[in-house]
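Dear colleague,

I am passing on to you the structure shown below, together with its sequence.

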Amino acid sequence: VCFCVESNGATTRIGNGSQSIPYQMTIDASGVLYFGGGDFYSPYIARVSETGSYSYLAGAVFQEGFADGQGSMARLGSPMGVALDPTTGNIYFHDDMNRAVRMVTPGGEVTTITGAQGTFIPFKGGYKDGTLKEALFQQAQNLCVDKDGNIYLLDGGNKAIRKIVLK
């Protein structure tokens, strides 16, 4: 359930349906809120419109896995952190179970950016710098996108901040 806290302290319910508490949220310029389900029982990226309409952008409840694809056909593990790239509208998220950084477009297409050495094997973590296909992460906790589209990932299991350059 999502609530809006008004300036006078009153709360207004603006969405429902969440199976778990999100770890991180982001909001786009039109006021749409996005968050990851947060665990393998809630492997989805959800959105709550400015009017409170709640829907899934990618993944599906109780349908965990590791596969790129469109909307509910994509399989996510435990999507936690989310970050908006304001120049493209794409949502980047770290998929903790799959130890990967993934992207979902505004239209719901999920693509794995990096992690798990491109193997699509859950829990294939570690610490390895390298190309997008070579990199490994361990227990990522948060991420953000800078003005140039670079992704910064707080890789808690490795006690490191990792920079992912896409261009």
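**A buried serine and its contact**

The side chain of S78 reaches the backbone nitrogen of M97 at 2.7 Å. This is a polar contact, that is, a pair of N or O atoms within 3.5 Å; within protein, one must be able to donate a hydrogen and the other to accept it, and residues adjacent in sequence count only if both atoms are side-chain atoms. S78 belongs to the loop between β7 (69-70) and β8 (79-84). Strands here are DSSP runs (E, at least two residues), as helices are (H or I, at least four), and both are numbered from the N terminus. With a relative accessibility of 5%, S78 counts as buried; the term means under 20% relative accessible area, exposed means over 50%, and partly exposed covers what is in between (1.4 Å probe, protein chains only).

**Basis and confidence**

This is a predicted model, in which local features need pLDDT of at least 70 and side-chain atom pairs count only at pLDDT 80 or more, while totals for chains, interfaces and linings use all residues. Residues are numbered from 1 along each chain as its sequence is written, and side-chain values use heavy atoms, with hydrogens and water left out.

The protein has a mean pLDDT (the predictor's confidence in each residue, from 0 to 100) of 86, and 88% of its residues reach 70 or more. Confidence is lowest in strand β2 (residues 11-15), with a mean of 59, and highest in β7, with 97. Where pLDDT is low, the predicted coordinates should not be read in detail.

**The two sheets**

Two strands are taken to pair if DSSP finds at least two bridges between them. β8 and β9 run antiparallel and are joined by four bridges; L84 has I91 in β9 as its bridge partner.

Another open sheet consists of four strands in the order β3-β4-β5-β6, and its pairing is antiparallel. β3 (25-27) and β6 stand at its edges with a single partner strand each, so one side of each is left without a neighbour in the sheet. From one strand to the next, the twist averages 25°; the axes are lines fitted to C-alpha atoms, for helices over the stretch in contact, and angles run from 0 to 180 degrees between N-to-C directions. Three bridges pair β3 with β4 in the antiparallel sense, and I27 stands opposite L33 in β4.

**Aromatic residues**

Rings of Phe, Tyr and Trp (its six-membered ring) pair if their centres lie within 6.5 Å; planes under 30 degrees apart count as stacked, over 60 as edge-to-face and the rest as tilted. By this rule there are three aromatic pairs. In one of them, F35 and Y54 have ring centres 6.2 Å apart and planes at 50°, so the pair is tilted. F35 lies in strand β4 (residues 33-36) and Y54 in strand β6 (residues 54-59), so this pair ties together parts that are 19 residues apart in sequence. Both F35 and Y54 are buried.

The rings of Y54 and Y56 have centres 5.8 Å apart and planes at 80°, so that pair is edge-to-face. The relative accessible area of Y54 is 18%, whereas Y56, at 33%, is partly exposed. One aromatic cluster is formed by F35, Y44, Y54 and Y56.

**Positive phi angles**

Most residues other than glycine have a negative phi. R99 is not a glycine, yet its phi is positive, at about 50°. R99 is placed in the loop between β9 (91-95) and β10 (100-104) and, at 11% relative accessibility, counts as buried. Q139, also not a glycine, has a positive phi of about 55°. Q139 is in the loop between β11 (109-115) and β12 (140-145) and is partly exposed, with a relative accessible area of 41%.

Y152 is part of strand β13 (residues 151-155) and is partly exposed, with a relative accessible area of 28%. Leaving aside neighbours within four places in sequence, Y152 is in contact (heavy atoms within 4.5 Å) with N142, L143, C144, D146, I161, R162 and K163. The C-alpha atoms of Y152 and A83 are separated by 9.9 Å, the two residues being 69 apart along the chain.

With kind regards
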